[in-house]
Amino acid sequence: MKRLPLAPRALTEPHPSRLPPDHPRRAEILAAHAGALAAGQAGYPDPGTGLFVLTAGFLADRGTCCTRGCRHCPYVDEP
């Protein structure tokens, strides 16, 4: 399987189409994501829903995009 190139942004910064700058829980989400990344965890529970969200680090390690609209997809770079 061929690895895809990552989008030109830090793994800590989700694409605005996946987590808009005006999202009411953006700060909480980014803090939870950063904590999971730092701990080397695959994901974290979403602060609002409790659903498990995969980190950009975990998704990058997979090497390809699954096309399911992941919040922290490190491959998406559409306008």
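The model is predicted.

**Helix 1**

Helix 1 runs over residues 26–38. Four of the residues in helix 1, namely R26, I29, H33 and A36, are buried. Viewed down the helix axis, the buried residues fall within an arc of 100°, so they line one face of helix 1. On the face turned away from the buried side, helix 1 carries the exposed residues A27, A31 and A38. The cover over the buried residues of helix 1 includes strand 1 (43–45) and helix 2 (56–62). Just after helix 1 comes G40, which takes a positive phi of about 70°.

**Salt bridges**

Side chains of opposite charge can pair when their charged atoms come close. The structure holds three salt bridges, listed here.

| Salt bridge | Closest N and O atoms |
|---|---|
| R26 with E13 | 2.6 Å |
| E28 with R25 | 3.0 Å |
| R71 with D46 | 2.7 Å |

R26 forms a salt bridge with E13. This pair links distant parts of the chain, with R26 in helix 1 and E13 in the segment before helix 1, 13 residues apart. R26 has a relative accessible area of 15%, under the 20% limit, so R26 counts as buried. E13, at 34% relative accessibility, counts as partly exposed. The side chain of R26 also reaches the backbone oxygen of L19 at 2.7 Å. Leaving aside neighbours within four places in sequence, R26 is in contact with E13, P14, L19, P20 and P21.

In the pair of E28 and R25, E28 is partly exposed at 38% relative accessibility, and R25 is partly exposed at 33%.

R71 forms a salt bridge with D46. That pair also links distant parts of the chain: R71 is in the segment after helix 2, D46 is in the loop between strand 1 and strand 2 (52–54), and 25 residues separate them. Both R71 and D46 are buried.

H72 lies in the segment after helix 2. With a relative accessible area of 3%, H72 is buried. Its side chain makes a polar contact of 2.6 Å with the side chain of Y44. Not counting residues up to four places away in sequence, H72 touches P14, I29, H33, Y44, V53, L54, T55, A56 and L59. Among these, I29 and H33 are also buried residues of helix 1.

G57 is in helix 2 and is buried, with a relative accessible area of 16%. Not counting residues up to four places away in sequence, G57 touches L11 and L37. G57 and A10 are 47 residues apart in sequence, and their C-alpha atoms are 10 Å apart in space.

**Cysteines**

A disulfide is a covalent bond between the sulfur atoms of two cysteines. The structure holds zero disulfides. For C65, the closest cysteine sulfur is in C73 at 3.8 Å, which is too far for a bond. C66 is in no disulfide either, and the nearest cysteine sulfur, that of C70, is 3.8 Å away. C65 counts as partly exposed at 31% relative accessibility, and C66 is partly exposed with a relative accessible area of 21%.

How values were computed:
Residues numbered from 1 in each chain as written. Predicted model: local features only at pLDDT ≥ 70, side-chain atom pairs only at ≥ 80, totals over all residues. Heavy atoms only, no water. Helix = DSSP H or I, 4+ residues; strand = E, 2+ residues; numbered from the N terminus. Expected span 1.5 Å × (residues − 1). Buried < 20%, exposed > 50% of the residue type's maximum accessible area, 1.4 Å probe, protein only. Arc of directions from axis to C-beta. Contact = heavy atoms within 4.5 Å. Polar contact = N/O pair within 3.5 Å; in protein donor to acceptor, adjacent residues only side chain to side chain. Disulfide = S-S within 2.5 Å. Salt bridge = Lys/Arg side-chain N within 4 Å of Asp/Glu carboxyl O.
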